[in-house]
Amino acid sequence: MKPSAWTIFSLRENPQDLQCFVDAFSSVWQRKEFYADCMRASLDSALPLPQWYLLRNTDGDIAGGAGLVISDFTSRADLRPWLCALFVREEYRTRGCGALLIAHLKQEAARLSFREIFLCTDLIGYYEKYGFEFAGMARDLSGGVSRIYRAETLPVWDFLTLAAKQRQFPRKLSPFVEAGGVSAALLTDRGNIHIGVCIDTACSLGMCAERAAAASMISAGECRAVKLVCLMPSGAPGLPCGACREFFMQLAPENSGMEILVSASGCLRTVRLGDLLPFWWGAQ
C-alpha cells in the first residue's frame, strides 16, 4: 500500500472520535481508563500537549497510532515533548506505517515550536533509522533505568523558516500601524530562537522584522545570532535591509559570521553578514 493511501488524524481535530482513540490505544497498551482520562483532559486543555494521532487506510481501518506528550514517566522532566505509545498493528507492519507516524509527529512537534523530540525505549536499532540518537539513561517510576533518545524535529533552516512563516500574516492594527507582512526568525549561539515581524507606522517609529527578532533576543539577555531567516511578503527568504545589517554588526562583532538564508534565482543559499558589509567601518 502506497504512503498516499494513509491518513493521519488527530484527536484534537476530531473530538467526536474520542472513544475510537481510547479503544485503539488501550487494545495495545492496556490501561483503558488511563487513556480515557488523559485523552478526555487533552480536549479541554489550552496547552499544546498532549496530542494523540491515529493512522487509517483508505478503508478507514486503524493501522497504528502514537502520542506526543509532556512527560513519559522518567526523571528527565526537563525534556519535552515525548513520542510515546507508538504502535502498528501486526497486519500492517513492514509497510512503512511506523515511519509515517514518526515523521508526522516530528512535523507536529516542530509546528508546536519544539526543536527536538524525545522518546524512552529499550528497543535498539529501530528508532535510529529515523534520526534518533541515544541521549543517555534516566530513572523511571519503577526505580529502574530506561534509554533516552533524541532527534531534531526539522533541519535547522527548515525549522527557522517554519517558525517565521507561522508568524507572518499581514494585519492592520490601527489607521496608522500595520504589521506582519515580513517575518524573521533567528538562532542564537545559545541555541535559542527568537521571532519578530515588521511594524510599519505612519511616522518613523516602525521596525523591521529582523530587528524585532533581535529585540526579543536582547530582552532575553543575548546578543549573538548565528542564523537568520527573513521572509519577504512573497514568502521567499530575503536579505535584511542595510539598517538591520548595521544593527546586527554593531550589536556584537561575532555577528559578522551570522548565516543568512536567501533565495537567489529560485535556489536557496546562505551568505554571511560580514560578506554584506565588507570593510565595515566599526572594525577600526
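Figure 1. Asp 59 counts as exposed because its relative accessibility is 63%, where exposed means over 50% relative accessible area, buried under 20% and partly exposed in between (1.4 Å probe, protein chains only). The model is predicted, so that local features need pLDDT of at least 70 and side-chain atom pairs count only at pLDDT 80 or more, while totals for chains, interfaces and linings use all residues. Residues are numbered from 1 along each chain as its sequence is written, and side-chain values use heavy atoms, with hydrogens and water left out. Asp 59 sits in the loop between β2 (51-56) and β3 (62-69). Together with Asp 61, Glu 90 and Glu 91, Asp 59 forms a patch of negative charge on the surface. Patches consist of residues with over 30% relative accessible area and no salt bridge, with like charges joined within 9 Å and nonpolar side chains (Val, Leu, Ile, Met, Phe, Trp, Tyr) within 5 Å. A salt bridge is a side-chain nitrogen of Lys or Arg within 4 Å of a carboxyl oxygen of Asp or Glu. Asp and Glu count as negative, Lys and Arg as positive, and His and the chain ends are not counted; a charge is placed at NZ of Lys, CZ of Arg, CG of Asp or CD of Glu.

**Figure 2. Leu 141 and a nonpolar surface patch.** Phe 34, Phe 73 and Leu 141 make a nonpolar surface patch of about 310 Å². Accessible areas come from the Shrake-Rupley method with a 1.4 Å probe, and for residues only the protein chains shown count as cover. Leu 141 belongs to the loop between β6 (133-139) and β7 (145-152). With a relative accessible area of 71%, Leu 141 is exposed.

**Figure 3. Cysteines without disulfides.** Zero disulfides are found in a search of the whole structure, a disulfide being a pair of cysteine sulfur atoms within 2.5 Å. For Cys 20, which is in no disulfide, the nearest cysteine sulfur is that of Cys 97, 16 Å away. Cys 20 counts as partly exposed, at 23% relative accessibility. Cys 198 is likewise in no disulfide, and its nearest cysteine sulfur, that of Cys 208, is 7.8 Å away. Cys 198 is buried, with a relative accessible area of 8%.

**Figure 4. Two cis peptide bonds.** Most residues other than glycine have a negative phi, and most peptide bonds are trans. Leu 49 and Pro 50 are joined by a cis peptide bond with omega of about 5°. Pro 50 lies in the loop between α2 (32-44) and β2. Another cis peptide bond links Arg 80 and Pro 81, with omega of about 0°. Pro 81 is in the loop between β3 and β4 (82-88).

Figure 5. Ala 85, a residue other than glycine, has a positive phi near 55°. Ala 85 is part of strand β4 and is buried, with a relative accessible area of 15%. Thr 94 is not a glycine either, and its phi is positive at about 65°. The loop between β4 and α3 (97-111) holds Thr 94, which counts as exposed at 87% relative accessibility.

**Figure 6. The whole chain.** The chain has seven helices and 13 strands; helices (H or I, at least four residues) and strands (E, at least two) are DSSP runs, numbered from the N terminus. Along the principal axes, its C-alpha atoms fill a box of roughly 65 × 45 × 35 Å. Of the 284 residues in the chain, 44% are buried.
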